[in-house]
Amino acid sequence: MPTTLEVKTPRLVTALPGPKAQQVIASDAKFMSPSLTREYPLVAERGHGAIVEDIDGNSFLDFAAGIAVCSTGHCHPKVVEAIQKQAAELIHISGTDFYHHHMPQLAERLVATMPGKEAKKVFFGNSGTEAVEGAIKLARYTTKRDKLIAFYGCFHGRTLGSLSLTASKNTQRKGFGALLGGVEHIPFPYAYRCPHGHTAETCGTEILELLEQQMFKRLFAPEEIAAIIVEPIQGEGGFIPAPAFFLQELQRICNRHGIMLIVDEVQSGVGRTGKWWAYEHAGIEPDIVCIAKGIASGMPLSAFVAKESVMTWKKGSHGSTYGGNPVCIASAMATLDLIENGYMENARRMGEYIFGRIGDWPKRFKIVGDVRGKGLMIGIEIVRDQKTKEKAADLRDAVISKAFHKGLLTLSSGENSIRMSPPLLIDEEQADFAIHTLEECLREVEKTV
Ligand SMILES: Cc1ncc(COP(=O)(O)O)c(C=O)c1O
């Protein structure tokens, strides 16, 4: 008989949470920071591929992938082997003070994934927020300007610099006092709720007008602005893709005024949308790109990649003790091999397959307002009423909770959306399981409205 990790779809053997899970949850409540937000009581014990087993032996199909981190699935044998081999050779030396071949090796590989004429340079850190912090510092340093523009709904991290950009939920900012000065936000193109009635291709014209005609004239002169930072697909904000023309126009505006265009690919990058980077779908060449999450299959690694003409800061102006440590890089190298040799194409193909099956959900389920995204970054917006588009966080939460109790892990996103961000290796059987399960949950929750 296969073990629970060898099966491709879930198997539940206890009520949830099971007895051992309950013990862990009680101990967590006693000792852990209460700031952590758990959507349902999964107590993970081990994982393999797209399957996670909990501490009581229940197995789940993972369509959350540790917030889009486990791009190659859980504990891919090639990733595990690379980590183990490297851990036996050299764990740490600090790339800030000493050379080691792993950093330039991965940097060269990352740069090769990025289209564009200009040479690029890389800085390694440990988390998404650290990549964003570094990008802010580099943009300020290079331009000798300090103002920053970000978008409503964006999430760029929780340390004080990146938090100043983040405008996702006010609980993430509330209580922490004054953040960075000189930061302003403008609306993000959100086609489903476009006040001007634009489509997913054309939404955002008025926002660009607002930027140039209002923001630049009334608040910040463009020559004072260091950077505009944008997620090509808002992740925490609800899996909302920016139209290609919008990103292209932002690039033109930035070029015209010497403003750095920072693209945050922390959630959308590393093959998840069917291309290495989601910004490639718009054919742009950002000045700085922030990367984390899927890059190292769960090992803590981030990077920001900048045009060579942009990354000219002096020795000592930025550093990190752990950033780019050899074990994380070994994991990243194995991850990139797997993404390149099949998983990126699989993400494109499975994304198309899933969108083909769920694109008509707004017609089939009265609580589904919108289905959107790219590749394996799939958002489903839940509403109480399709006409008024009233946001229904309670119904969304009910769908997510029911899915968990049927063995499917998903996450919330934005105020009222469900996100599916599975490992890039899922197959049709697993996609079908996720689709059927969510359909069942939607039907059950719809009956309560
Ligand atoms: C787009 C984006 N940027 C930055 C971050 C912050 O990453 P981390 O939690 O690794 O600091 C996140 C995290 O969800 C993200 O989605």
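Me: Which residues is Lys293 in contact with, leaving aside its neighbours within four places in sequence?
Reply: Contact here means heavy atoms within 4.5 Å. In this predicted model, Lys293 is in contact with Ile67, Ala68, Val69, Val266, Gln267 and Leu301.

Me: Where is Lys293 found?
Reply: Look between two strands. Lys293 is in the loop between β11 (288–291) and β12 (302–307).

Me: Is Lys293 buried or exposed, and what is the nearest side chain of opposite charge?
Reply: A salt bridge needs a side-chain nitrogen of Lys or Arg within 4 Å of a carboxyl oxygen of Asp or Glu. Lys293 is buried but has no salt bridge. Glu236 is the nearest side chain of opposite charge, 5.0 Å away.

Me: Now the sheet. What is the order of the four strands?
Reply: Strands of a sheet pair through backbone hydrogen bonds, either parallel or antiparallel. Here the sheet is open, the order is β1-β2-β3-β16, and the pairing is mixed. The edge strands are β1 (44–48) and β16 (408–409), each pairing on one side only.

Me: In what sense do β3 and β16 pair?
Reply: Strand β3 (residues 59–62) pairs with β16 in the parallel sense, over two bridges. Find Leu61: Leu408 in β16 stands opposite.

Me: Why does Ser59 count as buried?
Reply: Buried means under 20% relative accessible area. Ser59 counts as buried because its relative accessibility is 0%. Ser59 is found in strand β3.

Me: How far apart are Ser59 and Lys8 in sequence and in space?
Reply: Count along the chain, then go from C-alpha to C-alpha. Ser59 and Lys8 are 51 residues apart in sequence and 9.6 Å apart in space.

Notes:
Residues numbered from 1 in each chain as written. Predicted model: local features only at pLDDT ≥ 70, side-chain atom pairs only at ≥ 80, totals over all residues. Heavy atoms only, no water. Pairing = 2+ DSSP bridges. Buried < 20%, exposed > 50% of the residue type's maximum accessible area, 1.4 Å probe, protein only. Lys, Arg positive; Asp, Glu negative; His and termini not counted.
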